[in-house]
Amino acid sequence: MEARLFALQRLTAMVMAPFVLVHVGIILYAVRGGLTAGEILSRTQGNWFWIVFYGLFVLSVSIHVPIGIRNILIEWLRLGRAAASVVGLVFGVALLILGLRAVAAVGGIVQ
């Protein structure tokens, strides 16, 4: 189990790397261009590329982060593996729900 989680976390890190680079690049471009949040949102509304891009980003984060949280709880706080797994799972589900809600809002799927 531990080896699979280790591999899954490394795999999601590789998946997340390009997402992070594109996301930070977009932020730098938007800030330097003087775009407001409203202008950025108006450009993303209904754009399926950005919906899929950020949806996959959220999915990879919601897998990657809970594994790290679980490891921190086990190694630093000496929490049992079962309890740490439950906390990590709850945290991951919360990240997924909140992230997908944000993607839906940015993509103009919900208002």
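This tour visits an aromatic pair, the cluster around it and a nonpolar surface patch in a predicted model.

**First stop: the aromatic pair**

Across the whole structure, a search finds nine aromatic pairs. To view one of them, select F19 and F57 and display their side chains; the ring centres lie 5.5 Å apart and the planes meet at 15°, so this pair is stacked. Planes under 30 degrees apart count as stacked. Next, colour the helices: F19 belongs to helix α1 (residues 2-32) and F57 to helix α3 (residues 48-75).

The cut-off for buried is under 20% relative accessible area.

**Second stop: the aromatic cluster**

Now switch to a surface view and select L8, L11, M14, V15, W48, V52, L56, L59, I63 and I109. Together they form a nonpolar patch on the surface, with about 930 Å² of accessible area. Helices α1 and α3 each supply at least two residues of this patch. Which element gives the largest share? That element is α3, which contributes five residues.

To finish, centre the view on L59, a patch member that lies in helix α3. Its relative accessible area is 41%, so L59 is partly exposed.

Notes
Residues are numbered from 1 along each chain as its sequence is written. This is a predicted model: local features need pLDDT of at least 70, side-chain atom pairs count only at pLDDT 80 or more; totals for chains, interfaces and linings use all residues. Side-chain values use heavy atoms; hydrogens and water are left out. Rings of Phe, Tyr and Trp (its six-membered ring) pair if their centres lie within 6.5 Å; planes under 30 degrees apart count as stacked, over 60 as edge-to-face and the rest as tilted. Helices (H or I, at least four residues) and strands (E, at least two) are DSSP runs, numbered from the N terminus. Patches are made of residues with over 30% relative accessible area and no salt bridge: like charges are joined within 9 Å, nonpolar side chains (Val, Leu, Ile, Met, Phe, Trp, Tyr) within 5 Å. Accessible areas come from the Shrake-Rupley method with a 1.4 Å probe; for residues, only the protein chains shown count as cover. A salt bridge is a side-chain nitrogen of Lys or Arg within 4 Å of a carboxyl oxygen of Asp or Glu. Buried means under 20% relative accessible area, exposed over 50%, partly exposed in between (1.4 Å probe, protein chains only).
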